[in-house]
Amino acid sequence: MSAVDFIFPEFEVVRNSDRCIACRVCERQCSNKVHSYNEERGAMLSDETKCVNCQRCVSLCPTRALKIVKSDCAFRENANWQPDTIKQVYRQASSGGVLLSAMGNPKPQPVYWDRILINASQVTNPSIDPLREPMETRVFLGKKPSRAERGPDGKLKTELSPQIDLSMPVMFSAMSYGSISYNAHASLARAAEALGICYNTGEGGLHEDFYRYGKNTIVQVASGRFGVHKDYLEAGAAIEIKMGQGAKPGIGGHLPGTKIVGDVSRTRMIPEGSDAISPAPHHDIYSIEDLRQLVYSLKEATAYKKPVIVKVAAVHNIAAIASGIARSGADIIAIDGYRGGTGAAPTLIRENVGIPIELALAAVDQRLRDEGIRGNVSLVVGGSIRSAADVVKAIALGADACYVATAALLALGCHLCRTCNTGNCNWGIATQRPELVKRLNPDIGSERLINLMTAWRHEIMELMGGMGINSIEALKGNRMMLRGVGLNEKELGILGISHAGE
Amino acid sequence: MTVLDANGLDFRALGERVRAAEGDVEITNCCGQRFIGAGMSAKSIEIGGIPGNALGAYLDGAEITVRGNAQDAVGDTMNGGRIVIHGSVGDAVGYAMRGGSIFVRGNAGYRAGIHMKEYKDKVPLMVIGGCTGSFLGEYQAGGVIVVLGLGANGRRIVGNFSCTGMHGGKLFLRGDGRDVLFPAQVTARPAEEDDLAELRKYVGEYCELFGADAEEILASPFTVVTPDSKNPYKRMYVSN
């Protein structure tokens, strides 16, 4: 390595020697090998070049002797050339590689949820106390009839297309077995069952142990078709065709061969050590008509018993794209915004491609209404839904339900160090190393997910109650309940909401 | 055997009848109905006429025979069974298939065998008697593709960009393959004794189905294409 390649470590490990008892917990806990014990000095040492600031050692240090801080060793200040950009140039100059990152876009781009405020009832219409009054958070996802029809005997036809039945308008979004661990999947599956919601297999197939959670599982079919076969398609509550992902619109997936080991290899049905490459496009889909063909081939293969979801990334023409999908025979459209997470994505794509989910959702809902086809599909949105407030805002903007992944991983212990791609996750989530995977206990993991979603459900009810609304159905697309702050005319126009004070 | 007249039936109505039929099925007057046999196992379906796209998608053990041509996406994501086409097929035949076999007497269109894959003893096989269009075996991750080029009359038997992104499996091309431009990450070499022994099984089955002369076909040289690495993009990224 030449001197110019040297990048000063981003973090400093600060060890309080008055507190450190050299118990070596930090050493055992760090898969990146930051900590080591020096026999001669009887003291712990740190190699900060390896630290990713995942906070594992900090969390487990019994004497609170450790903290990780951002290094103040800095390049000369430059508003145009930020330190990250300079370091990226060094990394590429030394390697010739495409920059690879993990998790969602960390750049300070606008988060519209934070510029949208929710209404509440005062004086003229009563608010509702969810502790005392019935409140409906249950939702059904799938096609809805545009009008009531009666049979020859005058009775209402009550047969609906297949629906996903959720106790609350939230699902865990797609994360493949391979990108996350067995125990992470076990936690998600168990929690989804207990909560009466769904989790999503992602494109890595379904481990045989998890077929029993089928009615709470969405099985995904992506361009690589990993682990897709008849039993898999029939196992879930719905089938999702993945066309795109918010963190990396326009490109495929690539799970490196180093992660294709043991059960992951068997579940994906590819040999150990072989790269799992999901091509950027589906090579049989070049048009809405082709998409329709895949939708119906899945429906034929499962005898029309499963709703089919088409998942796309939020991109510039999302309204027109969604209009096409709504005519393709799909039952549900899932839209993933550009702040969505990922196990690995080229940095520049994550940070520069796609659009915010808030704008995409508002545009799509409006377009489908304008065209009179909103009932053809349910809308599920993801791409950084961080709280129950984001869920409520999304529903009021027109979503039927939300996809949540990063928040679920945080519940499992993720500290957003954004190095999932290395496979060394100290929290046992984004790794296949057995000694790390076992750190995540599915009993505890599922309980924490249940806690989180139970709390969100209650918050959703409180926020709805405050508005005098007692069901998700009455909140859906109710943009009168939203106001913008600090948004310009154009943004307000796309979101279809008034400014605060109006 | 149940005989189903497809005349006037749309794909959904025909599909329901095929699913409901007990035992083997013969479909007559087939005219473009899609998805025939989707996901089926343990059934034999014989088709007179021309089936529509996605014939035998997710096929799970059934046997499908088409007396004429078939269209696009035959055997999409097929898991097991056999599809025999006595004519030619359209684009994307055997996309992502991971088991079973497809035999096409005539030609195949673009993107044949894209992303075929294998796992342990599940090794899919696709034999094309005639020629194929471009992008043959793109992203191939496993399985065996054989292109015999019968009736090519000296023309190149595959289109452009064969084996782009190939990272597993094997491709047999009849002839010395010198007129085909392969990407940098694969190796094309003349078939050796082991290869020919393997090939003999595939060609034998083809000849049994369609009545060609195996010895005559095998008398020609064959080219074998395999990938250099199962991790083609290993060196492409730098952790940021």
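## Before you start

The model is predicted, so local features need pLDDT of at least 70 and side-chain atom pairs count only at pLDDT 80 or more, while totals for chains, interfaces and linings use all residues. Residues are numbered from 1 along each chain as its sequence is written, chains are lettered from A and ligands numbered from 1 in the order in which they are written, and side-chain values use heavy atoms, without hydrogens and water.

## The sheet of chain B

Chain B holds an open sheet of 11 strands in the order 1-2-3-4-5-6-7-8-9-11-10, with mixed pairing. Strands are DSSP runs of E with at least two residues, helices are runs of H or I with at least four, and both are numbered from the N terminus; two strands pair if DSSP finds at least two bridges between them. Strand 1 and strand 10 (186-190) of chain B are at the edges with a single partner strand each, so one side of each has no neighbour in the sheet. From one strand to the next, the twist averages 15°.

Strand 1 (residues 2-5) of chain B pairs with strand 2 (residues 25-31) of chain B in the parallel sense over four bridges, and Asp5(B) stands opposite Thr28(B). Strand 2 of chain B also runs parallel to strand 3 (residues 44-50) of chain B, joined by five bridges; here Ile27(B) stands opposite Ile47(B). Four bridges then join strand 3 of chain B to strand 4 (residues 60-66) of chain B, again in parallel, with Thr65(B) as the bridge partner of Glu46(B).

## Two helix pairs in chain A

Helix 4 (residues 182-195) of chain A packs against helix 14 (residues 442-466) of chain A at about 45°, with axes 8 Å apart. Axes are lines fitted to C-alpha atoms, for helices over the stretch in contact, and angles run from 0 to 180 degrees between N-to-C directions. Helix 4 of chain A is therefore oblique to helix 14 of chain A (under 35 degrees counts as roughly parallel, over 145 as roughly antiparallel, 65 to 115 as roughly perpendicular and the rest as oblique).

Helix 8 (residues 318-326) and helix 10 (residues 357-370) of chain A pack at about 50°, their axes 8 Å apart. That makes helix 8 of chain A oblique to helix 10 of chain A.
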